[in-house]
Structures are given as C-alpha cells and as structure tokens.
Amino acid sequence: MKPQNTQLDPGLYLLATPIGNARDITLRALDVLASADVIAAEDTRTTRKLMDIHGIALNGRKLIPYHDHSGGAARAGIVKLIAAGKSVAYASEAGSPLIADPGYALARNLAEGGHYVTALPGASATLAALSLSGLPTDRFLFAGFPPAAKGARATWLAELLPLPATLVFFESAKRIQKLLEELCSSGADTRQAAVCRELTKKFEEVKRGTVAELADWLDEKPIKGEVVFVLDRAGDVQDEGEMEDLLVKAMADMSMKDAVNAVSQALGLPRRKVYQAALEIGRKE
C-alpha cells in the first residue's frame, strides 16, 4: 500500500522503525514519514535508506540529525520549527524512540511547552526478545546496557537481581560472555535466561537455558551481532535447605562475605538472614 500524504498538525511525531527487517514498520509510520514537514533522525543515512525502500521522497523537505551528541541548540531548533507550525517526525535508528535512544529531552521540552507530542508504536527489540525468551512477561524491567566498569557493573547487578521481575538487558556480543560469568559468580547461575541475537534479521537466533548453560555455550561458540539478554526473576526460596545449598556451593569458591552477598542477591533475601545461615554452616564444618 502506497503511503498517504496527509496534513499533519504541528508537533512532534515519534516513529518506531524496524530493528532489522525493513518491512516491520507500520502503515501509519510510513504516512507520517511521507507527510511531515521536517524529518529528524537519529541516523539520517538509515532513515533515508528506509524511506527509499518504501518509496518515500523527501521532495525538498529537510532531513536533520538528532542523536546522543545533539545539544540544546539542536533541540531549540526543532522546538522553533514546531512553534512556527511545522510537523516534525523523529525516527530512531532502530526500534522505539527514547528506549535506549536519544529524544527524551526533546519530547520533554516540547510537552512542557504545551506543544503536541505523540508516539507511533511499532518495532521494539525489548518486546520481541521477551516474546521469544519463554520467560514470564507479566512483570518485566528494561535495564538497558550494563555499565562497562567492573565495580559499577557489580553494584548495578546487585540492585537488579533481587527484583521480582523478568530483566531485559542490551549488551554487545563481545561482552555478553563476561556478563554471564559475573551472573554465575553472583549466584544467578541456575536462573533461566535467553540470549537473543539479530532479531528479525536473516541470522536471528535465540538460545535458552540456565545462565550457566548459556555461559558454557558462548564459551564454545562466540557470537556476533546485536544482542538482547533476558533473565528470569529470582525464584522463591521454598525452604531453608535451598538457601543453605547455595551458600555451601558459594563458600567453596569465595569468602563468606562474598558468598553471603551473592546468595542474598540471587534469592532476593535480606543479607542478615543469609549471613546468619552462613555462620551456622561455618560452625558445623
């Protein structure tokens, strides 16, 4: 179906774009790309290619960049255009705008100024990975990219692991193995998880299993491409024996302090309770 050129009200139109397959874009998004007075894009080359694939011409309209490095001046320019009565379509490079993408400050400033802001839903790597993971989707948290520094990443994981929700991470193919190894060290090795890569693309692949199984798989078969990692929530402790078993296993490889931290994080239990159990185990040995 050919995109329809319609008169848009002045304002900001946030467009979700394909995460891989170019046909994963809504008809409404194509209509807005064909109709907006100005098109702002996280990556102008990607957006121009997408428009060419779907037969949408610029016809003299401006295609301007707006990305992580765009500052206040770029935002002010777009605000000025909309205040002058222009409609501006903002296209992410891939997926839904503002989800691990720039645009938050722009949308906030326009909304606070009383300008029209709307979002056109569509492709999302987060939701696609959740659907394919085989893990609970009734409650989930998108955690974005883990910090690069080891200490910051450890603190970040310690805050997330006890949460009663399925966790979704973005991670590079080069660092996913390290993340899995650190999860194993944190006592999350038995949690169910899924590594989803190249979603909607030719070499799409989803590998499911425990964190430990996935770490072994990646050790034998390094991967390439864009990765979304999905981790199941901490399970409920059915009895004291489960906590003690994890503690014994952890204390065999690390100090009591580190073992207590790892088990309390993995099970979402108060550190004091786990520490008391560790002391009892120590007395028995």
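Buried means under 20% relative accessible area. That cut-off is needed for some of the stops below, in what is a predicted model.

**Stop 1: the five-stranded sheet**

Select strands β1 to β5. They form an open sheet in the order β3-β2-β4-β1-β5, with parallel pairing. The edges are β3 (62-65) and β5 (117-120); each has a single partner strand, so one side of each is left without a neighbour in the sheet. On average, neighbouring strands here are turned by 25 degrees against each other, direction ignored.

Show Tyr13 and look across to β4, where Ala89 stands opposite.

**Stop 2: helices on the sheet**

**Stop 3: Glu205 and Lys221**

Turn to the salt bridges, of which the structure holds 10. Select Lys221 and Glu205, whose side chains meet in one of these, at 3.1 Å from N to O. Lys221 lies in the loop between α8 (211-220) and β10, while Glu205 is in strand β9 (residues 205-210), so the pair ties together parts that are 16 residues apart in sequence. Is Glu205 buried or exposed? Its relative accessibility is 18%, so Glu205 counts as buried, because the cut-off is under 20%. Lys221, with a relative accessible area of 39%, is partly exposed.

**Stop 4: Asp189 and Lys249**

Select Asp189 and Lys249, a salt bridge with the closest N and O atoms 2.7 Å apart. Asp189 is in the loop between α7 (176-185) and β8 (192-197), and Lys249 is in helix α9, so this pair ties together parts that are 60 residues apart in sequence. Asp189 has a relative accessible area of 11% and is buried, whereas Lys249, at 48% relative accessibility, counts as partly exposed.

**Stop 5: Asp138 and Arg233**

Finish with Asp138 and Arg233, which form a salt bridge whose closest N and O atoms are 3.0 Å apart. The pair links distant parts of the chain, 95 residues apart. Asp138 sits in the loop between α5 (125-133) and β6 (140-144), and Arg233 in the loop between β10 (226-231) and α9 (240-251). Asp138 counts as exposed, at 65% relative accessibility.

Key. Residues are numbered from 1 along each chain as its sequence is written. This is a predicted model: local features need pLDDT of at least 70, side-chain atom pairs count only at pLDDT 80 or more; totals for chains, interfaces and linings use all residues. Side-chain values use heavy atoms; hydrogens and water are left out. A salt bridge is a side-chain nitrogen of Lys or Arg within 4 Å of a carboxyl oxygen of Asp or Glu. Helices (H or I, at least four residues) and strands (E, at least two) are DSSP runs, numbered from the N terminus. Buried means under 20% relative accessible area, exposed over 50%, partly exposed in between (1.4 Å probe, protein chains only). Two strands pair if DSSP finds at least two bridges between them. Axes are lines fitted to C-alpha atoms, for helices over the stretch in contact, and angles run from 0 to 180 degrees between N-to-C directions.
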